[in-house]
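Q: I would like to go through this structure with you. Could we start with the charged pairs and then move on to the pockets?

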Amino acid sequence: MNKFFPVAEPSITEREIRYVLDAVKSGWVSSLGHYIFDFEKRFAEYVGVKYALTTTNGTTALHLALASLDIKGGDEVIVPDLTFVAVPNAVAYTGAKPVFVDIDLETWCIDPEAIKKAITARTKAIIPVHLYGHPADMDAVNQIAEEHGLYVIEDAAEAHGAEYEGKKVGSMGHVGVFSFYGNKVITTGEGGMITTDDEAVYERARFLRDHAMSKERRYWHTELGFNYRLTNIQAALGLAQLERIEELLDKKRLIFKSYEEFLGGFGAIRLNPEKKWARNTFWMVCLILGKDIKITRDELMLELRKMGIDTRPFFYPMSQMPIYKSNSGNSAAYDISGKGLNLPSGGNLNRKDIEFISQSLLALLKHS
Ligand SMILES: *Cc1c(COP(=O)(O)O)cnc(C)c1O
């Protein structure tokens, strides 16, 4: 049997096991308990914001952020066309309309020029997504938002620890959103977080997260709220992961650098970008096939799979989804989406593994 190389796998050590066991044994298994508060406090410190609030997952974090900013039916929210479906879905949950704009061909993140063209009288917010670990051009996005009085919600679900000109992602918009799904930089199994410097938004999010229950009167609800609370058990896992985040990010960078060493000389493909102003987290190692490559992306994935090498296609443009179908004309998003794939990026890969994967890949690309 050949070795199997998954695209992602979590890194769980004795520390995670110890904290989770402690949470379970303590009896605080639901959404009260010190791990939740420790995790939120340490996460806020890590990102460099005043407040952080845990949620059940990244999608509910997005929804809670939008709801806390009072985004609702009749509003429009500008999102990149190339992203995970949670982004437009969370907008749709509020009744607002997601408006898809094109990406920048170099960063694969939202194109500020395209944002300008999409703004209407109904636009309320912009959601830049730090795709695959590379930050969006936040100064440009924030400047447009300021000029038009719009909110900025940073989707940092794939970019814990990424930096834009030395500032951590999740600290530059009105609200930042993170996911702790099993394949993310750090995980709680399922889980999410919102970050903000705005006390009113934080308080509003906390209130809505807990069924909008009155602070003065228990079981009194004046508004439609949600139950988006994370458990103490999950927060215990999250705290242990957060304490190891620099180690995990170093490993991601090392993995990317090894791929770069083995694949970088082959000019017909492109790997993850890293702008001068950026610290990429290399959440997923990405490969873009150039136009001289004959084998299609999907055939390549199939062949790699036969060798035990798991890959993932890039996200499809959201404007192509049956529920959002629109004639977007977002050519960069369509171009990158069709030619991109994610290579095995899990923390357990060693240099030999990456050499094997790279050589298998090059053999397929050269003989196609
Ligand atoms: C993973 C992800 C989310 C949603 O996170 P879940 O925890 O899976 O709900 C949102 N946005 C982006 C860009 C993601 O990659």
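Q: How far apart along helix H5 are Lys 116 and Glu 113?
A: Lys 116 and Glu 113 are 3 residues apart in helix H5 (residues 112-118), so about one helical turn separates them. Helices (H or I, at least four residues) and strands (E, at least two) are DSSP runs, numbered from the N terminus. The model is predicted, so local features need pLDDT of at least 70 and side-chain atom pairs count only at pLDDT 80 or more, while totals for chains, interfaces and linings use all residues. Residues are numbered from 1 along each chain as its sequence is written, and side-chain values use heavy atoms, with hydrogens and water left out.

Q: What do the side chains of Lys 116 and Glu 113 form?
A: They meet in a salt bridge, with N to O at 3.2 Å. The term requires a side-chain nitrogen of Lys or Arg within 4 Å of a carboxyl oxygen of Asp or Glu. Side chains of opposite charge can pair when their charged atoms come close.

Q: Is Lys 116 buried, exposed or partly exposed?
A: Lys 116 counts as partly exposed because its relative accessibility is 42%. Glu 113 is partly exposed as well, at 44%. Buried means under 20% relative accessible area, exposed over 50%, and partly exposed in between (1.4 Å probe, protein chains only).

Q: What about Lys 306, with which residue does it form a salt bridge?
A: Lys 306 forms one with Glu 303, the closest N and O atoms being 3.0 Å apart. These two are 3 residues apart in helix H10 (residues 297-306), so they too are separated by about one helical turn. Lys 306 is exposed, with a relative accessible area of 61%, whereas Glu 303 is partly exposed at 27%.

Q: How many salt bridges are there by this rule?
A: The count comes to 25. Glu 163, Lys 168, Glu 246 and Arg 279 are linked in a network of them.

Q: Changing topic, how much space lies in the largest pocket?
A: About 580 Å³. It is lined by 19 residues, and the closest to its centre are Arg 206, Arg 209, Asp 210, Met 213 and Arg 229. On a 1 Å grid over the protein atoms alone, a pocket is an open set of points where a 1.4 Å probe fits, with protein on both sides within 12 Å along at least five of seven lines; lining residues have an atom within 4 Å of a point. Grid points are joined across faces, edges and corners, and a volume is the space filled by probe spheres set on the points.

Q: Which helix gives the most to that lining?
A: H7 does, with 5 residues.

Q: And what is the bond between Arg 229 and Asp 210?
A: Arg 229 forms a salt bridge with Asp 210, the closest N and O atoms being 2.6 Å apart. Both residues are in the loop between H7 and helix H8 (232-243), 19 residues apart. Arg 229 is partly exposed at 26%, and Asp 210 is partly exposed at 28%.

Q: Where does the second largest pocket lie?
A: Domain 1 (14-242) and domain 2 (245-366) both give residues to its lining, so the second largest pocket lies between them. The domain bounds come from an automatic or database domain assignment. The volume of the second largest pocket is about 330 Å³. Of its 21 lining residues, the closest to the centre are Phe 84, Ala 86, Ser 179, Tyr 181 and Lys 184.
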